[in-house]
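Q: Could we go through this structure together? I would like to start with the overall picture and then turn to particular residues.

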Amino acid sequence: MRSMPGLIVIRPCDANEVREAWKVILQLQHKPAVLILTRQAVPTIDRSRYAAAAGLTRGAYVLADAAGADPEVILIGTGSEVSLCLEAYEQLSKEGVRARVVSMPSWELFDDQDSGYRDSVLPPHVKARVSVEQASDFGWTKYTGTDGHNIGIETFGASAPLKQLLKKFGFTAENVVAAARSQIARHRH
């Protein structure tokens with residue numbers, strides 16, 4: 001997700017977030033915004049099981065969280081990659097790992113929030129973080145820290161069936177889970 005000065009970029013993860021994104025865009029007064037949608041078939045997230053999409057209005061929000069305790073690792077996704085983070089979250093939860101999934105459709109909207117809100121979504125003391133975006137990982141260290149793990153693509157022009165490309169570039173639940181485990185081990189006190 002690229003940032004351009006003065007431009008609000010919104011990359012929703014499902015139909016619910018698209019609806020919320022339209023509401024945000026309609027309320028913007030003389031501010032340019034771009035709504036980036038995927039060509040991929042993405043699942044509509046079960047909002048009775050996960051947080052409401054209304055969190056999009058703040059740029060990022062806790063979509064799924066560890067029950068009753070601080071998370072050991074935070075998985076941050078945007079757009080179609082959020083469902084991948086949820087898959088990894090489910091696997092980690094079954095293993096007893098306390099994980100949090102943050103849907104971050106807009107860096108700009110999130111950065112405009114007060115520090116209390118930003119810290120409630122991305123607690124500074126939780127250093128184990130993984131971002132997932134099927135684009136360059138440029139800029140993600142702002143949210144994962146310099147020791148975080150950013151899953152992205154640094155090349156252009158790869159051509160193959162989508163499933164092969166996703167596996168080649170590490171966009172699998174297994175790879176996200178492995179990155180999360182590595183982050184937890186690295187930041188364990």
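A: The answers below treat the fold, the salt bridges, the sheet and a few individual residues.

Q: What kind of model is this, and how are residues numbered?

A: This is a predicted model, in which local features need pLDDT of at least 70 and side-chain atom pairs count only at pLDDT 80 or more, while totals for chains, interfaces and linings use all residues. Residues are numbered from 1 along each chain as its sequence is written, and side-chain values use heavy atoms, with hydrogens and water left out.

Q: How many helices and strands does the protein have, and in what pattern?

A: There are seven helices and seven strands in the protein. Their pattern along the sequence is β-α-β-β-β-α-β-α-α-β-α-β-α-α. Helices (H or I, at least four residues) and strands (E, at least two) are DSSP runs numbered from the N terminus.

Q: And how much of the protein is buried?

A: Of its 189 residues, 49% count as buried. Buried means under 20% relative accessible area, exposed means over 50%, and partly exposed is in between (1.4 Å probe, protein chains only). The accessible surface of the protein is about 9800 Å², and carbon and sulfur atoms account for 54% of it. Accessible areas come from the Shrake-Rupley method with a 1.4 Å probe; for residues, only the protein chains shown count as cover.

Q: What share of the contacts joins residues at least 24 apart?

A: The share is 70%, taken among contacts between residues at least 6 apart in sequence. A contact means heavy atoms within 4.5 Å.

Q: Changing topic: how many salt bridges are found in the whole structure?

A: The search finds twelve. A salt bridge is a side-chain nitrogen of Lys or Arg within 4 Å of a carboxyl oxygen of Asp or Glu.

Q: Which residues are linked in a network of them?

A: Arg-11, Glu-81 and Glu-133 form such a network. Glu-81 pairs with Arg-11, and their closest N and O atoms are 2.8 Å apart.

Q: What about Glu-133?

A: Arg-11 also forms a salt bridge with Glu-133, where the closest N and O atoms are 3.7 Å apart. This pair links distant parts of the chain, 122 residues apart, with Glu-133 in the loop between strand 6 (129-132) and helix 5 (141-144).

Q: Are these residues buried or exposed?

A: Glu-81 and Arg-11 are both buried, and Glu-133 is buried as well.

Q: Which residue does Glu-90 meet in a salt bridge?

A: The partner of Glu-90 is Arg-49, at 3.0 Å from N to O. Glu-90 belongs to helix 2, whereas Arg-49 is in the loop between strand 2 (33-35) and strand 3 (61-64), 41 residues apart. Glu-90 counts as partly exposed at 21% relative accessibility, and Arg-49 counts as exposed at 53%.

Q: How many bridges join strand 4 to strand 5?

A: Five bridges join strand 4 (residues 73-77) to strand 5 (residues 99-103), and the two run parallel. Two strands pair if DSSP finds at least two bridges between them. Within strand 5, Arg-100 stands opposite Ile-74, and Ser-103 is the bridge partner of Gly-77.

Q: Which residues cover the two sides of strand 4?

A: Val-73, Leu-75 and Gly-77 are on one side and Ile-74 and Ile-76 on the other, all of them buried.

Q: Finally, where does Ser-106 lie?

A: Ser-106 is in the loop between strand 5 and helix 3 (107-111). Ser-106 is buried, its relative accessible area being 1%. A polar atom of the Ser-106 side chain lies 3.1 Å from the backbone nitrogen of Leu-109.

Terms used: Polar contact = N/O pair within 3.5 Å; in protein donor to acceptor, adjacent residues only side chain to side chain.
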